[in-house]
Amino acid sequence: MCLCSKTTGQFHSVKGTLVEAVGNLTGSQSWQQSGKEEHARGEGEITAAQAQGYVEGANERLQG
């Protein structure tokens with residue numbers, strides 16, 4: 001069972017975007033890279049949470 005959360009995924013996605021932007025402004029390659037990675041993790045968590053919701057909804061329809 002995945003404990004994925006759309007809300008935390010969105011948080012990580014936005015935070016990653018902001019960190020990457022700071023890296024772009026300062027020229028820091030490490031900030032740019034870590035921002036890209038955190039954004040990707042957030043997007044992945046959002047996708048996993050959506051998939052979990054679809055599976056749970058389908059299961060409920062089958063049981064109903």
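**Figure 1. Burial of Ser-13 in the predicted model.** In this predicted model, Ser-13 has a relative accessible area of 6%. Because the limit for a buried residue is under 20%, Ser-13 counts as buried. The residue belongs to helix H1, which covers residues 6–26.

**Figure 2. Surroundings of Ser-13.** The side chain of Ser-13 forms a polar contact with the side chain of Glu-43, at 2.7 Å. When neighbours within four places in sequence are set aside, the residues in contact with Ser-13 are Glu-38, His-39, Gly-42 and Glu-43.

**Figure 3. Helices and overall dimensions.** Two helices and zero strands make up the secondary structure assigned to the protein. Along the principal axes, the C-alpha atoms occupy a box of roughly 55 × 15 × 10 Å. The radius of gyration is 16 Å, whereas a compact globule of 64 residues would have a value near 11 Å. Among contacts with a separation of 6 or more, 59% link residues 24 or more positions apart.

Figure 4. Buried residues account for 22% of the 64 residues of the protein; Ser-13 is one of the buried residues. The accessible surface amounts to about 4700 Å², and carbon and sulfur atoms contribute 59% of that area. The protein carries 5 positive and 7 negative side chains. The centres of these two sets are 2 Å apart.

Key
Residues numbered from 1 in each chain as written. Predicted model: local features only at pLDDT ≥ 70, side-chain atom pairs only at ≥ 80, totals over all residues. Heavy atoms only, no water. Helix = DSSP H or I, 4+ residues; strand = E, 2+ residues; numbered from the N terminus. Buried < 20%, exposed > 50% of the residue type's maximum accessible area, 1.4 Å probe, protein only. Polar contact = N/O pair within 3.5 Å; in protein donor to acceptor, adjacent residues only side chain to side chain. Contact = heavy atoms within 4.5 Å. Rg over C-alpha atoms; globule rule 2.2 N^0.38 Å. Areas by Shrake-Rupley, 256 points an atom, 1.4 Å probe, with all protein chains shown as cover. Lys, Arg positive; Asp, Glu negative; His and termini not counted. Charge placed at Lys NZ, Arg CZ, Asp CG, Glu CD.
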